[in-house]
Amino acid sequence: MYAFNFEPVFAGFDQLLLGAWLTIQLSVAAMIIGLIVSIACAAGKTSGIAPLRWVIDAYIEIIRNTPFLVQIFFIFFGLPSLGIFLTPNSAALVALVVNFGAYGTEIIRAGIESIQKGQIEAGTALGLSKLQVFRYIIMKPALRTVYPSLTSQFIYLMLTSSVVSAISADDLAAAGNNLQSQTFASFEVYIVITIMYLVMSVGFSTIFSMIEKAAFKYPLSR
Amino acid sequence: MPLIRPFGINEFWIIVLAAQWTIALSAIAFAGGGIGGLLIALLRVSDAKLPRLIATGFIRVFQGTPLLMQLFLVFFGMNILGFAINPWLAATVALTLHASAFLGEIWRGCIEAVPPGQREAATALGLRYYNRMRYIVLPQALKIAVAPTVGFLVQLIKGTSLAAIIGFTELTRQGQIINNATFSPFMVFGTVAAVYFVLCWPLSVLARRMELRFSRATAR
């Protein structure tokens with residue numbers, strides 16, 4: 001019979017907490033930068049410039065149809081042959097941004113397309129500039145529509161970010177790998193880490209639905 | 001013999017052929033996940049509270065934790081249960097459980113999308129649970145389920161790449177091995193990504209087409 005030994009895991013618990021904090025930082029940073037990429041790509045896709053649309057479409061299809069692990073290997077090991085050298089941590093961030101951007105673009109685009117044409121025409125008729133129409137008439141209501149998909153995509157991003165430990169970037173999974181190699185209590189370490197991920201994803205989705213209730217309360221129709 | 005060999009046509013084929021293990025792993029996990037997923041979906045829509053609770057918990061845990069951790073837990077957990085360390089078995093079991101949770105949640109939505117009047121009519125006609133599900137609800141849910149299920153298959157194929165981290169030699173791991181021998185990561189991981197793309201892209205396009213056709217067919 002196997003005797004579980006959680007003592008070394010809790011002795012090194014501060015390492016795991018630090019790892020969890022790094023995972024949150026990495027995910028939030030990737031989400032914010034990835035959102036900017038998504039909005040830019042979504043604007044490019046709806047701009048009507050065909051070659052731009054092709055490039056963005058190719059980007060989305062390539063990212064969505066290849067595994068994140070291969071993407072991060074390509075960025076970390078492959079890009080140096082083009083003269084682009086990244087530390088594990090920045091490669092992790094770049095890979096997560098690139099990955100999130102592809103999914104985010106489709107989410108934002110769906111939001112933009114949910115805005116009726118008449119609204120945009122009304123905005124133009126009121127004398128708003130192109131930028132103002134984009135910001136007030138398209139972006140704000142579109143964000144409300146896409147909020148649920150964006151937040152679940154963020155949680156998915158946070159779970160995916162555990163893969164960055166494969167290139168020895170710093171995060172919760174990497175903290176677990178280190179603790180595991182110090183204590184040899186593999187199962188105990190990984191079950192504790194898995195619970196920590198679960199707590200983070202349940203926590204974030206609770207916070208997100210609270211924000212949704214507070215921020216998007218104004219009436220939906222009329 | 002030089003220590004580092006160039007990336008040539010042989011290395012290219014070794015990587016392409018490793019896709020068979022990715023396909024095999026995906027197929028087994030998909031088949032196992034199909035059975036598990038149906039069970040989870042049926043528990044999830046059951047009238048009794050306990051089965052519903054169990055299914056919800058199962059889905060929550062697998063959707064709220066990284067697939068990588070699920071793989072590690074099965075990998076090390078099997079050792080604790082007295083099995084020899086076996087990446088093949090661990091990857092298969094972990095991916096099957098993972099697929100069961102995701103397919104269970106997808107199919108729950110599809111079952112619930114069947115209008116309740118159908119089930120009520122079947123009950124009124126005197127059909128018991130098994131016949132009601134078998135002849136009335138599930139066939140209609142199946143139609144709704146095809147597109148999102150194909151979409152999940154793409155996710156599952158990509159997910160099998162993580163088996164490389166526990167040492168199962170599929171497409172990604174073969175890429176790492178070839179990269180260690182040739183040290184041309186740009187070519188190697190470019191090729192690996194291209195093979196995944198060839199596997200996944202047609203399925204993505206298919207899923208999107210079916211979704212479009214379905215939404216046109218059901219639109220008024």
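1. A residue is called buried if 20 or more other C-beta atoms lie within 10 Å of its own, exposed if 12 or fewer, and partly exposed in between, with C-beta atoms placed from the backbone. In helix H7 of chain B, the buried residues are Leu171(B), Thr172(B), Arg173(B), Gln174(B), Gly175(B), Ile178(B) and Asn179(B).

2. A note on the source: this is a predicted model, where local features need pLDDT of at least 70 and side-chain atom pairs count only at pLDDT 80 or more, while totals for chains, interfaces and linings use all residues. Residues are numbered from 1 along each chain as its sequence is written, and chains are lettered from A and ligands numbered from 1 in the order in which they are written.

3. H7(B) covers residues 171-182. Helices are DSSP runs (H or I, at least four residues), numbered from the N terminus. Just after H7(B), Phe183(B) has a positive phi of about 45 degrees.

4. What do the buried residues of H7(B) pack against? They pack against H4 (68-78) of chain A, and against H1 (9-44) and H8 (185-218) of chain B. Contact here means C-beta atoms, placed from the backbone, within 7 Å.

5. Ala164(B) sits in the loop between H6 (129-159) and H7 of chain B. Ala164(B) is buried because 26 other C-beta atoms lie within 10 Å. Not counting residues up to four places away in sequence, Ala164(B) touches Leu69(A), Glu170(B), Thr172(B), Arg173(B) and Gln176(B).

6. Between the chains, 29 residues of chain A are in contact with 30 residues of chain B. H9(A) gives the most to chain A's side, with 10 residues.

Technical notes: Helix = DSSP H or I, 4+ residues; strand = E, 2+ residues; numbered from the N terminus. Expected span 1.5 Å × (residues − 1). Contact = placed C-beta atoms within 7 Å.
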